[in-house]
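Here is a short briefing to read alongside the model. Have the viewer open and follow the topics one by one.

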Amino acid sequence: DPIEWTEQLEYHDFYRKLLSLRKEYECLQARSQDNYTFRVKTSANQHIFAFLRTSENDQVLVMLNLSPHDNVGFGFQDAAVDGSYEDVLDGGNFVFHPGYRYFQLNAWGYKVFALKR
């Protein structure tokens with residue numbers, strides 16, 4: 001969908017980064033029938049919506065805190081989230097394993113990670 005830019009460009013860099021991620025990761029591209037999206041269970045499903053987008057070649061993990069609560073701590077309860085991931089928006093590396101509760105998101109916060117291969 002086209003984005004109509006106004007004079008206020010406060011989200012310009014954010015959307016530019018999202019568009020570049022879509023080009024970089026095959027799993028974020030709509031052209032393949034082999035890409036899958038599924039929800040990942042967390043220990044805080046009432047606040048956190050997490051999902052994986054996968055293809056044969058890559059995997060992206062998205063976490064969203066859809067609540068007004070800060071510092072919501074949670075862990076993954078899904079075996080699909082297991083390994084070393086790179087924070088593709090802010091940089092840094094994280095290792096996620098099912099059952100470990102150590103990640104936090106602020107109110108309305110989000111993170112996007114790519115599985116390191």
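Two strands count as paired if DSSP finds at least two bridges between them. Helices (H or I, at least four residues) and strands (E, at least two) are DSSP runs, numbered from the N terminus. With that in hand, β2 and β3 form a hairpin with four residues between them. The model is predicted: local features need pLDDT of at least 70, side-chain atom pairs count only at pLDDT 80 or more, and totals for chains, interfaces and linings use all residues. Residues are numbered from 1 along each chain as its sequence is written, and side-chain values use heavy atoms, with hydrogens and water left out.

**Confidence**

- The chain has a mean pLDDT (the predictor's confidence in each residue, from 0 to 100) of 89, and 94% of its residues reach 70 or more.
- Confidence is highest in β3, with a mean of 96, and lowest in strand β7 (residues 101-105), with a mean of 85.

**The sheet**

- Six strands make an open sheet with antiparallel pairing, in the order β1-β2-β3-β8-β5-β6.
- At the edges stand β1 (36-40) and β6 (93-96); each has a single partner strand, so one side of each is left without a neighbour in the sheet.
- From one strand to the next, the twist averages 30°; axes here are lines fitted to C-alpha atoms, for helices over the stretch in contact, and angles run from 0 to 180 degrees between N-to-C directions.
- β1 and β2 are joined in the antiparallel sense by five bridges, and Thr37 stands opposite Arg53 in β2.
- The antiparallel pairing of β2 with β3 runs over seven bridges; here Ala50 faces Met63 in β3, while Arg53 has Val60 as its bridge partner.
- Strand β3 (residues 59-65) also pairs with strand β8 (residues 110-115), antiparallel and over five bridges.
- Within β8, Val112 is the bridge partner of Val62, and Phe113 stands opposite Leu61.

**Burial and the nonpolar cores**

- Buried means under 20% relative accessible area, exposed over 50%, and partly exposed in between (1.4 Å probe, protein chains only).
- Six of the seven residues of β3 are buried, leaving this strand mostly covered.
- In strand β2 (residues 48-54), five of the seven residues are buried, so it is largely enclosed by the rest of the structure.
- A nonpolar core is a set of buried Ala, Val, Leu, Ile, Met, Phe, Trp, Tyr and Cys residues joined through side-chain atoms within 4.5 Å.
- The largest core has 17 residues, of which Leu61, Met63, Phe74, Phe76, Val81, Tyr85 and Phe96 touch the most other members.
- At least two residues of this core come from each of β2, β3, β4 (72-75), β7 and β8, and β2 gives the most, with three.
- Which residues does Phe76 touch, leaving aside its neighbours within four places in sequence? Its contacts (heavy atoms within 4.5 Å) include Val40, Ala50, Leu61, Met63, Val81, Phe96 and Tyr100.
- A second, separate core has eight residues, including Leu21, Cys27, Val60 and Ala114.

**Aromatic pairs**

- Rings of Phe, Tyr and Trp (its six-membered ring) pair if their centres lie within 6.5 Å; planes under 30 degrees apart count as stacked, over 60 as edge-to-face and the rest as tilted.
- The whole structure holds 13 aromatic pairs.
- One of them joins Phe14 and Tyr110 edge-to-face, at 5.7 Å centre to centre and 65° between the planes.
- Phe14 lies in helix α1 (residues 12-24) and Tyr110 in strand β8, so this pair ties together parts that are 96 residues apart in sequence.
- Phe14 is partly exposed at 28% relative accessible area, and Tyr110 is also partly exposed, at 41%.
- The ring centres of Tyr85 and Phe96 are 5.6 Å apart and their planes lie at 55°, so this pair is tilted.
- Because Tyr85 lies in strand β5 (residues 83-87) and Phe96 in strand β6, the pair ties together parts that are eleven residues apart in sequence; both residues are buried.
- Phe74, Phe76, Tyr85, Phe94, Phe96, Phe103 and Phe113 form one aromatic cluster.
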